[in-house]
Amino acid sequence: MNSETDSAQLRAMASTAGYGEAAEALAEQYESVTFNEVHREVLHLFPSQPSSVLDVGAGSGRDAAALAALGHRVVAAEPTAELRALGRRIHADQEIEWVDDALPELLGLTAQERRFDLILLTAVWMHLDERQRTSTMARLVSLLESEGRVVLSLRHGPVPAGRRMFPVSAEETISLAHSHGLDVVHEAQREDPHGRPGVAWTYLGLQLNAGRKLPGITTQQ
């Protein structure tokens with residue numbers, strides 16, 4: 001490919017391989033657990049007042065819909081057309097702006113110079129290789145409002161057949177966040193909400209460093 005856009009599209013396609021064919025089953029899986037259950041460790045990090053929110057890799061729109069219901073202005077970025085269509089249908093009662101955009105570049109939102117108070121990445125980070133994780137962290141920072149937050153989950157455990165995933169760790173992610181001006185305000189570990197054997201998660205709350213002292217990190221088991 002001869003352009004940055006074409007290269008970005010190829011990387012996005014690799015990260016989402018297999019998701020279109022399994023969209024119906026995946027949407028059923030995503031919707032089988034509630035927003036509050038999935039995010040129980042980080043609910044206190046979400047804005048209490050109506051804010052601008054970006055849900056990256058929004059899937060079926062479960063999280064986007066819950067946040068929209070709370071009064072937030074939500075953009076749901078989902079590169080898999082089948083999941084976007086399902087999300088629009090399942091959560092038609094909520095005002096969600098669905099966009100076809102993907103990591104690591106998020107070229108569409110970047111071109112529009114959008115900014116967000118909260119960026120949510122649920123079960124996304126493990127789809128990015130090491131180089132992509134570095135460029136993604138920089139891109140997320142560029143999309144944050146002053147003192148905005150990134151809340152993301154890190155998957156640990158066996159890789160399902162047909163999926164593109166990489167090992168990720170809290171240590172690497174925290175180091176990468178610090179190098180891009182993000183402070184860690186929360187870290188928690190938990191079991192898999194779907195009860196899959198050998199699968200566990202780390203949840204991180206990151207906040208853009210605006211030169212002020214932030215709350216100390218809290219750790220939960």
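Guide: Start with the whole chain. Among contacts in the protein between residues at least 6 apart in sequence, 71% join residues at least 24 apart; contact means heavy atoms within 4.5 Å. This is a predicted model, in which local features need pLDDT of at least 70 and side-chain atom pairs count only at pLDDT 80 or more, while totals for chains, interfaces and linings use all residues. Residues are numbered from 1 along each chain as its sequence is written, and side-chain values use heavy atoms, with hydrogens and water left out.

The protein has eight helices and eight strands. Helices (H or I, at least four residues) and strands (E, at least two) are DSSP runs, numbered from the N terminus. Of the 221 residues, 48% count as buried. Buried means under 20% relative accessible area, exposed means over 50%, and partly exposed is in between, with a 1.4 Å probe and protein chains only.

The part to look at is helix α8, residues 170-179. Its buried residues are Ala170, Thr173, Ile174, Leu176 and Ala177. These residues cover an arc of only 160 degrees around the axis, which puts them on the same side of α8. The arc is that of the directions from the helix axis to the C-beta atoms. An α-helix has 3.6 residues a turn, so residues three or four places apart point the same way. Glu171 and Ser179, on the other side of α8, are exposed.

What lies over the buried side? The cover of the buried residues of α8 includes helix α7 (130-142) and the strands β5 (144-156), β6 (182-191) and β7 (200-208). Just after α8, Gly181 has a positive phi of about 80 degrees.

Next comes the packing of α8 against α7. Two packed helices are described by the angle between their axes and the distance between the axes. The axes of α7 and α8 come within 10 Å and cross at roughly 40 degrees. Here, axes are lines fitted to C-alpha atoms, for helices over the stretch in contact, and angles run from 0 to 180 degrees between N-to-C directions. The two helices α7 and α8 are therefore oblique to each other. Angles under 35 degrees count as roughly parallel, over 145 as roughly antiparallel, 65 to 115 as roughly perpendicular and the rest as oblique.

The crossing of α7 and α8 is right-handed. A crossing is right-handed if the near helix is turned clockwise from the far one by less than a right angle, and left-handed if anticlockwise. On the α7 side, the contact is made by Glu130, Arg133, Thr134 and Met137; on the α8 side, by Glu172, Thr173, Leu176 and Ala177. By class, the contact of α7 with α8 has three nonpolar, two polar and three charged residues. Ala, Val, Leu, Ile, Met, Phe, Trp, Tyr, Cys and Pro count as nonpolar, Asp, Glu, Lys and Arg as charged, and the others, Gly among them, as polar.

Strand β5 holds Glu147, a residue other than glycine whose phi is positive, near 65 degrees. Most residues other than glycine have a negative phi, and most peptide bonds are trans. Glu147 counts as partly exposed, at 34% relative accessibility.

Arg115 lies in the loop between α6 and β4 and, at 37% relative accessibility, counts as partly exposed. Not counting residues up to four places away in sequence, Arg115 touches Ser52, Ser142, Leu143, Leu144 and Glu145.

Glu113 lies in the loop between α6 and β4 (116-121). Glu113 has a positive phi of about 55 degrees although it is not a glycine, and it is exposed, with a relative accessible area of 60%. Pro104 is in the loop between β3 (96-99) and α6 (107-111), and a cis peptide bond with omega of about 5 degrees joins Leu103 to Pro104.
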